[in-house]
Amino acid sequence: MFGKENAVVNIRTQVYNAIKENICGGRYEPGQRLNEVELARSLNVSRSPVREALRRLAADGLVEEKPNRGVFVREFTPQDIQEIFDVRVLLESYAILHSPAHMTPARMEELMGYLDQLEHYHQQDQLEDYIRVDAQLHQAIIRLGGNRVVEQMYERVHSLIQQFRIYSLTSKQRFDESVVEHRTVVHCLLTGNVEEADRVNQAHLTLARDKIGDYLNSQAGRTAAP
């Protein structure tokens, strides 16, 4: 019986993760209706774990249930992005300012490894790989704070904006600036200059927020156009 219960839990987790990954990866677009029957068929499961996954995703803020219409991938507004990034700045600032107490040689090596990858992908103009490592670097920074509650909160914030990260680096100039900003943040962390690391990181996040907001405004204008 215990093994059977574990199998059920595992299926539920897998279904939740699969749908979440498709939302965060942009395969399910904002505003798209998520049909339980179609999802169950595509994932080769019953409707029960799909229904539970959609409830969890609604609690995460990634989908919205509209009465008598169904469940839809959440559509974000520029104001939503502003609020999400306000929280992200607070969490990353906390981690950066508390990083000296948790910095170790292994963590220094981890940060340098991510920076090396970012610079490699930037040189090769591989934007998708750059964005993937970008996310990993910021998660590593969060772990430097040594606060599990902050890490849990950050995981939710990260999920909310993951689908839009590519729009923060749409211009070559912004792509070039981003790698310089990451280099500065990492070097400041490694030398213990946390105030400067925090200042540069906040500026970095503000620019990312503004680019995503510009993208959402452009999409809203296109929808409103006759």
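Author: One term has to come before the pockets. A pocket here is an open set of grid points with protein on both sides within 12 Å along at least five of seven lines, and its lining residues have an atom within 4 Å of a point. Also, this is a predicted model.

Reader: Fine. Which helices each supply at least two residues of the lining of the largest pocket?

Author: Helix 6 and helix 9 each do that. The largest share comes from helix 6, with 7 residues.

Reader: How much space lies in the largest pocket, and which residues lie nearest its centre?

Author: About 820 Å³ of space lies in the largest pocket. Its lining has 29 residues, and those nearest the centre are Gly26, Gln162, Gln163, Phe164 and Tyr167.

Reader: And how do the residues of that lining divide by class?

Author: The lining of the largest pocket has 13 nonpolar, 10 polar and 6 charged residues.

Reader: What volume does the second largest pocket have?

Author: The second largest pocket has a volume of about 240 Å³. It is lined by 15 residues, and Glu36, Arg51, Leu54, Glu65 and Val71 are the closest to its centre.

Reader: Which elements give two or more residues to the lining of the second largest pocket?

Author: Strand 1 (33-34), helix 2 (36-43), helix 3 (47-60), strand 2 (63-66) and strand 3 (70-73). Helix 3 has the largest share, 5 residues. By class, the lining of the second largest pocket holds 6 nonpolar, 2 polar and 7 charged residues.

Reader: Those strands, then. In what order do they form the sheet?

Author: The 3 strands form an open sheet in the order 1-3-2, with antiparallel pairing. Strand 1 and strand 2 each have a single partner strand and stand at the edges, so one side of each has no neighbour in the sheet.

Reader: Over how many bridges do strand 2 and strand 3 pair?

Author: Strand 2 and strand 3 pair over 4 bridges, in the antiparallel sense. As for a specific pair, Val63 has Val73 in strand 3 as its bridge partner.

Reader: Back to voids. How many cavities of 30 Å³ or more does a search of the whole structure find?

Author: The search finds 1 cavity of 30 Å³ or more. About 120 Å³ of space lies in the largest cavity.

Reader: Which residues lie nearest its centre?

Author: Arg88, Asp134, Arg165, Ser168 and Ala208 lie nearest the centre of the largest cavity, out of 13 lining residues. The lining divides into 6 nonpolar, 3 polar and 4 charged residues.

Reader: Which helix gives the most to that lining?

Author: Helix 9 gives the most, with 3 residues. Helix 4, helix 6 (127-143), helix 8 (172-191) and helix 9 (194-224) each supply at least two.

Reader: Staying with helix 4: at what angle does it pack with helix 7?

Author: Helix 4 (residues 78-97) and helix 7 (residues 148-161) pack at about 145°, and their axes are 10 Å apart. Their crossing is left-handed.

Reader: Which residues make the contact?

Author: Helix 4 contributes Ile81, Ile84, Phe85, Val87, Arg88, Leu91, Glu92 and Tyr94. From helix 7 come Val150, Met153, Tyr154, Val157, Leu160 and Ile161.

Reader: And by class?

Author: The contact of helix 4 with helix 7 has 12 nonpolar and 2 charged residues, and no polar ones. Arg88 of helix 4 is part of this contact, and Arg88 is also one of the residues nearest the centre of the largest cavity.

Conventions:
Residues are numbered from 1 along each chain as its sequence is written. This is a predicted model: local features need pLDDT of at least 70, side-chain atom pairs count only at pLDDT 80 or more; totals for chains, interfaces and linings use all residues. Side-chain values use heavy atoms; hydrogens and water are left out. Axes are lines fitted to C-alpha atoms, for helices over the stretch in contact, and angles run from 0 to 180 degrees between N-to-C directions. A crossing is left-handed if the near helix is turned anticlockwise from the far one by less than a right angle, and right-handed if clockwise. Contact means heavy atoms within 4.5 Å. Ala, Val, Leu, Ile, Met, Phe, Trp, Tyr, Cys and Pro count as nonpolar, Asp, Glu, Lys and Arg as charged, and the others, Gly among them, as polar. On a 1 Å grid over the protein atoms alone, a cavity is a set of points where a 1.4 Å probe fits but cannot get out, and a pocket is an open set with protein on both sides within 12 Å along at least five of seven lines; lining residues have an atom within 4 Å of a point. Grid points are joined across faces, edges and corners, and a volume is the space filled by probe spheres set on the points. Two strands pair if DSSP finds at least two bridges between them.
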